[in-house]
Amino acid sequence: MRHLLVFGDRDEAEEAAETVGEWHPELGVPAVVRETLAGEDDAEDAQWVVVLEDPEASLTGEQLARIDALLDEAEGWREAG
């Protein structure tokens, strides 16, 4: 399972990647990438995405809720990919 943590700000994305990596070292260091959303013409509208690989789908509902709370603080969201 892959979780995409989406942020509007690079610093927030990098901080979240570091935090989630500390919480779940067994999943490795999440990658931070910049992604332009479909239909967006302006590079300023690009989103920052933290790619969290969970190949064994080992994250529990409680752990995902903790990640979601982190996202709420930064006005981000999570998508399953």
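Guide: Helix 1 and helix 2 run roughly antiparallel to each other, because an angle over 145 degrees counts as such. Their packing angle is about 160°, and their axes lie 11 Å apart. Axes here are lines fitted to C-alpha atoms over the stretch in contact, with angles from 0 to 180 degrees between N-to-C directions. Helix 1 covers residues 10-23, and helix 2 covers residues 61-73. Helices are DSSP runs of H or I with at least four residues, strands are E runs of at least two, and both are numbered from the N terminus.

This is a predicted model: local features need pLDDT of at least 70, side-chain atom pairs need 80 or more, and totals for chains, interfaces and linings use all residues. Residues are numbered from 1 along each chain as its sequence is written, and side-chain values use heavy atoms, without hydrogens or water.

Now the packing itself. Ala 16, Thr 19, Val 20 and Trp 23 of helix 1 meet Arg 66, Ile 67 and Leu 70 of helix 2. Contact means heavy atoms within 4.5 Å.

Look at Arg 66 again. Arg 66 lies over the face of Trp 23, 3.8 Å from the ring centre. The test asks for CZ of Arg, or NZ of Lys, within 6 Å of the ring centre and within 35 degrees of the ring normal.

Methods. Angles under 35 degrees count as roughly parallel, over 145 as roughly antiparallel, 65 to 115 as roughly perpendicular and the rest as oblique.
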